[in-house]
Amino acid sequence: KKKAVKNGAWLYALQMFNTVVPLLTLPYITRILGTVQYGFFSIALNIIGYFQVVVEYGFAMSATRKVALSDNSQESLSKTFSTVLFARGFLLAVCVGLSIVYVGLNKSQVVQCVCLLILMITLFGNCIQLNWLFQGMQQMRYITIVSVISRTATVALTFLLVKTTDDLFLYCLLYAVSPIISGMLGLFFAKKNFGIHIVKVKMHDIWDELKCGWYVFTTQLSSKVFGAIGITFLGIFASAEEVGIYSAIQKIPNILILAWTPITQVLYPISSQKFQGSFASGKDFVNKSKRIFVPLFATIAIVCSVLSKIMVKIAFGDEYVTRFYWMIPMLMWMLAAIYNNFTGIQTLLASGHDREYSNCFQVGVVVTIALNFILVYFFKGNGACMAPLLSELALGIMLNWKVKKLESMEGKQSAS
């Protein structure tokens, strides 16, 4: 418990920083770039987001769990590190190829394509990220240190250099180099403190690692679709201006999700260990945690909904305030996503039921794509802000059904 509190404090320090940074930069950037240029940036960043999920794969969960349950020897950590690094290198090459195809098919969208190519630099940083290692070792302070240093440097340069709408490409570059800085710092700390180094691994080791993270990857890709498909379809069916407004307002519930992220990162290794003992003890721990955090975030969502108009005006300016009401269903989505985290990640994934978790998401992603396509096509931004909430509610029904089924099976096994 003491170690968990300490790790939570480090991650909350990071999330407080990550919460403050957008509060400082977004009002500046949205006003400097304007709705149209910010829309081009958001469309390109949205595509990069899909590539990031591919490069990061499922290692944030599968490799973290492997480290958390391993003997933590230098040999074991180095092998896992090398396997993950080579696997990500392969996935990075796939993403580079896909981006070239995308640019070839969208030559007319020059500004958007240039933004995309610049932001591709981000993927090289994601390839060497070691948050999974630090999380598995329950040494969260390193995640905080490397992130704060890299973000501080790029934020300072953003305020110093980005002055007009003509600086869109420069902003993309500054945005992209932050993961590279944090990745390099992470490698330094990992080598210094854990002695990890690149070792020779076989192809079947890489293949096994990819198979191990497959179900987590598919669910994370589905999760990305849940949050990003709205911008994807808006980029097709709506103007860049509407994309810019939607992307800006969406940042507010996303900032609140940042406040939730360290909680789930701290809880997940503990949940995994609890479920290792028994399903009942793991479920009891998850339920106790849920009774604390869900009401807390529900209160925050209600307060932000009441103040949504003034929050949008202060955060982004008068160009964005006309659609302030989009924020309310987005906040409800945020609350539903946190509730589903306890059912999905903290229960199904932590107990090793990756397949069941993945199956729910496979159905959920189909529902999400269908709802977003229909609602965005007919209602543009109004539909885009409602679709994630409806999709998350549908996912919650499926996840709860899976957990109830597992509980029933566990009960029968205990009785026998």
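**A helix pair and a nonpolar patch**

Okay, let's start with I314, which sits in helix α13; helices here are DSSP runs of H or I with at least four residues, numbered from the N terminus. Quick word on the source: this is a predicted model, where local features need pLDDT of at least 70 and side-chain atom pairs count only at 80 or more, while totals for chains, interfaces and linings use all residues. Residues are numbered from 1 along each chain as its sequence is written, and side-chain values use heavy atoms, leaving out hydrogens and water.

Back to I314: together with I302, V303, V306, L307 and I310, I314 makes a nonpolar surface patch of about 600 Å². Patch residues have over 30% relative accessible area and no salt bridge, with nonpolar side chains joined within 5 Å; the areas come from Shrake-Rupley with a 1.4 Å probe. Helix α12 (279–306) and helix α13 (308–316) each give two or more residues, and α12 gives the most, with three.

Now, the helix pair. α2 (residues 59–68) packs against α9 (residues 203–212) at about 110°, axes 9 Å apart. Axes are lines fitted to C-alpha atoms over the stretch in contact, and angles run from 0 to 180 degrees between N-to-C directions. So α2 is roughly perpendicular to α9, a label for 65 to 115 degrees. F59, S62, A63 and K66 of α2 meet E209, L210 and C212 of α9, where contact means heavy atoms within 4.5 Å.

K66 is in α2 and E209 in α9, so the pair ties together parts 143 residues apart in sequence.

Methods. Parallel < 35°, antiparallel > 145°, perpendicular 65-115°, else oblique. Patch = residues over 30% accessible without salt bridge, like charges linked within 9 Å, V, L, I, M, F, W, Y side chains within 5 Å. Salt bridge = Lys/Arg side-chain N within 4 Å of Asp/Glu carboxyl O.
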